Amino acid sequence: MAWFRRDAGSRDNKSVQKSTESRVTESQEQPAASGNLCQRQESKEQLSNQLETEQASQTQLTRETGTFSSRFQGLMAPVFSCFKDDDRRSLDVRPINRYAEWLQSQMISGVLINGVVGEGPMMRVRERKANCEYWQRAAVRHNLMIMVQVGGAPLPDVLSLAAHAEEVRVSGVVTLPELFYRPRNVDQLVGYCQHVATRCRTRPFFYYHMPSMTGVDLDMVEFCAKAERSISNFMGLYYASADLEMGQRCLRFGRVVMLASTALLASGLMSGFNCSSLVVVNIRPDLVHKICEAFDDNELQLARDYQRELNQLIEIHTHDSHMENWVVSMKNWFNKESTSRQIGSFNAGPARIVF
């Protein structure tokens, strides 16, 4: 479950804010001379920087002790963004609460919003921020962890989205690499991620590794080692690659590697992955749970059989291996399943990808 909860987090933040406010108030109660205004402003800036540094230090300490990684476990859902069936495919926030409620009822730990499945790169910045805010409210209401993907946009927009994620206080921030000026080596990728992570320095930060879509296929073992030395809030990988061997080599104490390939779930469990974020969790969570339960019971052949059944269902409902067509097909399958439910039915609308 999420390391951050609004009730506990808000209490901690309120106590820090109260102490900060009291110190600011003390400085404001001094005689108002001509030079005092500048001194008060400098004092506020120093206190703000001090608070930010303390929070970043807590993030670093918590990662080193493994507290974060122990909370990022279980099944997550990379959710579909909800759109209206109009000419503009306008963002529709009305189904979000029912969507979150249903996921929680299926024993799902958290959600990833504005990702590749959620068509984040197809959305305007203000839409992505609005989607994040509505999902954050629903996640708090239904006790879900929420991670937001901020990449796939021009750098100024990525930085703005990362700062917004910090402001909203989501459970974690995920970013794709730069997609036009693609990093050619690990150092360039670390530099890009470091630049983004500074805008959300108190949130656990993840890199979205999806080489089949981004074209950035670098050594993630080397990347993780360098990122942990350079980025104080780096927590791990959102791993959507078919190279399971490299993903397994990235597994370390205090580091989170989220498996994001449905076809490799059973193999991933056997390789030591304990956190998965799978699009099919939105559609057939029952089969995903069966795979996990069979593995926990050491029924490995049964787990493989369920995995084979799940892979066949995906193949039936997807008609093309290209990612954009795959997302459209999966969303159509999701809508078909969700509207057929007798209780809590809802519809996420059409995909925005129209080509």
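**Core, rings and helices**

Reply: In this predicted model, the largest nonpolar core has 81 residues, and those with the most contacts inside it are Tyr99, Leu103, Trp135, Met220, Phe223 and Leu237.

Me: Which helix gives the largest share of this core?
Reply: In soluble globular proteins, nonpolar side chains tend to be buried together. Here the largest share of the core amounts to seven residues, and these come from helix 7 (residues 186–197).

Me: How are the planes of Tyr99 and Phe346 arranged as an aromatic pair: stacked, edge-to-face or tilted?
Reply: The structure holds nine aromatic pairs, and one of them joins Tyr99 and Phe346, with 5.2 Å from centre to centre. Planes under 30 degrees apart would count as stacked and over 60 as edge-to-face. With 35 degrees between the planes of Tyr99 and Phe346, the pair is tilted.

Me: How many residues apart in sequence are the parts that this pair ties together?
Reply: Both Tyr99 and Phe346 are buried. Tyr99 lies in helix 4 (residues 96–105), whereas Phe346 lies in the segment after helix 14 (323–339), so the pair ties together parts whose separation in sequence is 247 residues.

Me: Which residues do ring pairs link into a cluster with Tyr99?
Reply: Leaving aside neighbours within four places in sequence, Tyr99 is in contact with residues including Val79, Cys82 and Asn282, as well as with Phe80, Trp135, Phe334 and Phe346. Ring pairs link Tyr99 into a cluster with Phe80, Trp135, Phe334 and Phe346.

Me: What is the angle between the planes of Tyr207 and Phe223?
Reply: Tyr207 is in strand 5 (residues 205–209) and Phe223 in helix 9 (residues 220–230), so that the pair links parts of the chain 16 residues apart. Tyr207 counts as buried at 0% relative accessibility, and Phe223 likewise counts as buried at 0%. The ring centres of Tyr207 and Phe223 are 5.1 Å apart, and the pair is tilted because its planes are at 55 degrees.

Me: Is Thr175 buried or exposed?
Reply: Thr175 lies in strand 4 (residues 172–175), and its contacts beyond four places in sequence include Gln149, Val150, Tyr192, Phe205 and Tyr207. The relative accessible area of Thr175 is 0%, and because buried means under 20%, Thr175 is buried.

Me: What distance separates the end C-alpha atoms of helix 5?
Reply: Helix 5 (residues 125–141) has 17 residues, which at 1.5 Å a residue should span 24 Å.

Me: Which residue with a positive phi follows helix 12?
Reply: Helix 12 (residues 285–296) should span 16 Å for its 12 residues, and its end C-alpha atoms are 16 Å apart, which agrees. Its buried residues include Leu287, Val288, Ile291 and Cys292, and what covers the buried residues of helix 12 includes strand 1 (74–78), helix 4, helix 11 (265–271) and helix 13 (300–317). After helix 12 comes a residue whose phi is positive, near 65 degrees, and this residue is Asn298.

Notes: Residues numbered from 1 in each chain as written. Predicted model: local features only at pLDDT ≥ 70, side-chain atom pairs only at ≥ 80, totals over all residues. Heavy atoms only, no water. Core = buried A, V, L, I, M, F, W, Y, C linked by side-chain atoms within 4.5 Å. Buried < 20%, exposed > 50% of the residue type's maximum accessible area, 1.4 Å probe, protein only. Helix = DSSP H or I, 4+ residues; strand = E, 2+ residues; numbered from the N terminus. Contact = heavy atoms within 4.5 Å. Phe/Tyr/Trp six-rings, centres within 6.5 Å; stacked < 30°, edge-to-face > 60°. Expected span 1.5 Å × (residues − 1).
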